[in-house]
Amino acid sequence: MSELPSATRDWLTGPGLTRLWEGVRKRLESNGVQATGSLRLTAMTARERNDLSLLLGKPLTAAAVTVRLDMLDARLRASAAGLGLRQTLEELGPPLTDRRAARADVATRREQVWSSLASSLDASPLADQEWPRQWYDLLRRTGVPRGVTPEAAIWTLQQAVQVLTTLLGPERGGVVGRGELAAMATGSAHGLDDGTWLARLVQRGVALAHGTEFPDDAAGRRALWRLVSVTPDEVSSTVLTYGLRTDGEGWRERALRERADHHAETHLTPRDLHDLRLQLPSGTLIHICENPRVVEAAADAACTQALVCTSGSAATVVFTLLDALAATGCRFAYHGDFDWPGIALANRVIRRYAAMSWRMGATDYERLAARSQAEGIPQLALDGEPVSADWDADLASAMAALGVALHEEATLDLLVADLSRQA
């Protein structure tokens, strides 16, 4: 229940004192909620000067006035309000926030994160090694990710020390799966998945312990796990292929050729690529597409040329395969969607492998757009920020002019015809 008399509350909350209370509130919240210092009000209206004159008990005639907060506090206590400045503002609401104390509390809790980590490292079997100090210093410089509370940070860092002790301590064991290791440390098989803060913490520790650079791609991170006998998941992600005929007499190579002979698509996992001997004649042309429907159409038409699909975003396993094929001297031709994400992906692939564009020029786009319109195919609006195509300076302007997005499905017949030709 309010301690302010109703009439007093109504007068204090009137428009003539609104700016005063706003300014006083900010000042109190910034100085430890103490009625000290002063507040300067300028360009005051007649209503504001009148109400402030009544509140302070002295006439104000100038357009600007400096209000001492201690005098305002005393005046409120002696008035019908009967409360000090802080209590009055609390009554008028909302509650005051001591921002100075809040900042000090945040700093204290943040410091507890690092003191807790230091204690965990000192008490662990890793304490006599050199790299933990480097790890600690690195983490302290980079800080805690945005949105992670100090309590959650302390817990995650303790988990990281536990995992690193398992992997790098004096009693480290044999080979273990990443999911199994994560479940032991966090209770979840996904606790060390790529992208989690815990995984990054552990990987940075491993990199420092082995004197290697921290990797910036998934393949490098998998190699880092293997340094400490952790086997990452190498079977859930796949790259879709068609028509790959690699040399070699191992069962994997034979199986790949047999599927190609039967015009069947093949999903290859990172484990397959690790064990498969990818050796094609130098100069072999590999077509690359963006959408799985192109692979399906090529298989249905019993096409003769090899095809690799990025499946939209080109996961690491896709580039692992293409890197291996490039190392054997293969050449590449790329086709993707005529939309801005499609052009960005095409740039990425074409730059990396010096690939040729495959029916991806401005003329190809304009002809395809005209054909689609003539056939009564609904037009898909081209959204997003334009992206320049490395291989054709006119493509982006042509796409922007027509404003139509065209996916690979709109040109399946032409792509299949190309893939049906003898290499």
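This is a predicted model: local features need pLDDT of at least 70, side-chain atom pairs count only at pLDDT 80 or more; totals for chains, interfaces and linings use all residues.
Residues are numbered from 1 along each chain as its sequence is written, and side-chain values use heavy atoms, with hydrogens and water left out.

**Figure 1. Overall view of the protein chain.** The secondary structure comes to 19 helices and 12 strands, where helices (H or I, at least four residues) and strands (E, at least two) are DSSP runs numbered from the N terminus. Of the 423 residues, 44% count as buried, a term for under 20% relative accessible area, whereas exposed means over 50% and partly exposed lies in between (1.4 Å probe, protein chains only).

**Figure 2. The cis peptide bond between glycine 93 and proline 94.** Omega is about -5° for the cis peptide bond that joins these two residues. Proline 94 belongs to the loop between helix 5 (85-92) and helix 6 (99-123).

**Figure 3. The loop that holds histidine 263.** Although histidine 263 is not a glycine, its phi is positive, at about 55°. The loop in question runs between helix 12 (251-261) and strand 6 (266-268), and histidine 263 counts as partly exposed at 30% relative accessibility.

**Figure 4. The loop that holds alanine 354.** Alanine 354, which is not a glycine, has a positive phi of about 50°. This residue is found between helix 16 (340-353) and strand 10 (356-357), and alanine 354 is exposed, with a relative accessible area of 69%.
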